[in-house]
Amino acid sequence: MKISTQIIHFKTDGHTQMHDITAEINEVLEKSGLSEGQVCVFGIGSTTGITTVEFEPGLTKTDVREMFEKFAPYAKHYAHNATWGDDNGAAHLRSFLVGTSFNAPFVDGRLLLGTWQQIVFVDFDTRPRNRKIAVQVMGV
Amino acid sequence: MKISTQIIHFKTDGHTQMHDITAEINEVLEKSGLSEGQVCVFGIGSTTGITTVEFEPGLTKTDVREMFEKFAPYAKHYAHNATWGDDNGAAHLRSFLVGTSFNAPFVDGRLLLGTWQQIVFVDFDTRPRNRKIAVQVMGV
Amino acid sequence: MKISTQIIHFKTDGHTQMHDITAEINEVLEKSGLSEGQVCVFGIGSTTGITTVEFEPGLTKTDVREMFEKFAPYAKHYAHNATWGDDNGAAHLRSFLVGTSFNAPFVDGRLLLGTWQQIVFVDFDTRPRNRKIAVQVMGV
């Protein structure tokens, strides 16, 4: 059993912008030399999210954003904004639901993803940021 | 520390149909012979979901479906559908929120679930499919 | 590679009440003496949730609750309530979305959380309860 952890850095624009991080995670996995186990991907920051999606622009640029606008619109007034002088209450709510925690198994050194299933890092925040995600590989 | 991975196959009808997979996961766990550790359950495919629920028909057949119809209705026009000639934009949005990644701990060879808490595989897609989920057990 | 599991007990009020459990998890981590690995936090019960949030009252007492009231209001009539004489259909729906499963990596004995990112246990149920969450640490 072996374990290794890497931090990956991103520059992001926010506003529910999505980044396909499957290649980066496969690279960490390949470097680890492990064959069977789990990769844990963690979004560092309470306005981020990690999940899977078919990474195509209809979903990532339009549909997901329209869905979130229904129940956590960016333009709404939030108690969070009033208290802290922030404008990113919507970003916190979206992150709360999607979650920042993600684990996926691999076998024969390959993640068990579907053909049209990519791992995405989502930045829900309202301004460009320098982001970090943690990728931890554990296995044999 | 030991690790083992199994693929479980399902025939599904879709449209947010739920499958109680707790027994299947307990079977994998029992066969592993492990006492303490984690089971990782992963939905292979970007229109699937893994979560927990009290598996009773009021929730699984009515309430969950009605909730999703509010913010990701099947009948809506989605950019995903327009681009790809698909009709399953709603399925992708629901999977995006619920997530395909699930980990739960076990002790003394038993999952630490609540009495009325079952692990469910959800197929959000819009047609019958042959599905696979990955179940990975890691522990001692 | 080592593994240890602890059960943490809470008295809760419910109605989407949030508990910052970061300190409790750090305590389990510290006692384990492990340096690098993952903590798995699991909400025992199908009306609970585990996720991360910036733990400040604007979000935890107002914004998150207002968001959930849009698509899973407590006062609505649910099939779950009709079938079982319960009144907590909304609690089940909220838990279904947020999820009870959470994993986060640690390095040098410290969780890789953001500065304003806390791990929260949410009780969505409609009455005071005695709750348990499982915290499992795995690593080297």
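The model is predicted, so to speak of local features we need pLDDT of at least 70, and side-chain atom pairs count only at pLDDT 80 or more, while totals for chains, interfaces and linings use all residues. Residues are numbered from 1 along each chain as its sequence is written, with chains lettered from A and ligands numbered from 1 in the order in which they are written.

Let's start with chain A, which has four helices and eight strands. Helices here are DSSP runs of H or I with at least four residues, strands are runs of E with at least two, and both are numbered from the N terminus. Read from that end, the elements of chain A go β-β-α-β-β-α-α-α-β-β-β-β. The C-alpha trace of chain A spans about 50 × 30 × 20 Å along its principal axes. How much of chain A is buried? Buried residues make up 54% of its 140 residues, where buried means that 20 or more other C-beta atoms, placed from the backbone, lie within 10 Å of the residue's own.

Now turn to chain C. Strands of a sheet pair through backbone hydrogen bonds, either parallel or antiparallel. In chain C, three strands form an open, antiparallel sheet in the order β2-β7-β4; two strands pair if DSSP finds at least two bridges between them. β2 (17–20) and β4 (48–53) of chain C are at the edges with a single partner strand each, so one side of each has no neighbour in the sheet. Six bridges join β4(C) to β7 (residues 118–123) of chain C, and C:Thr48 stands opposite C:Asp123 in β7(C).

Note on methods: A residue is buried if 20 or more other C-beta atoms lie within 10 Å of its own, exposed if 12 or fewer, and partly exposed in between; C-beta atoms are placed from the backbone.
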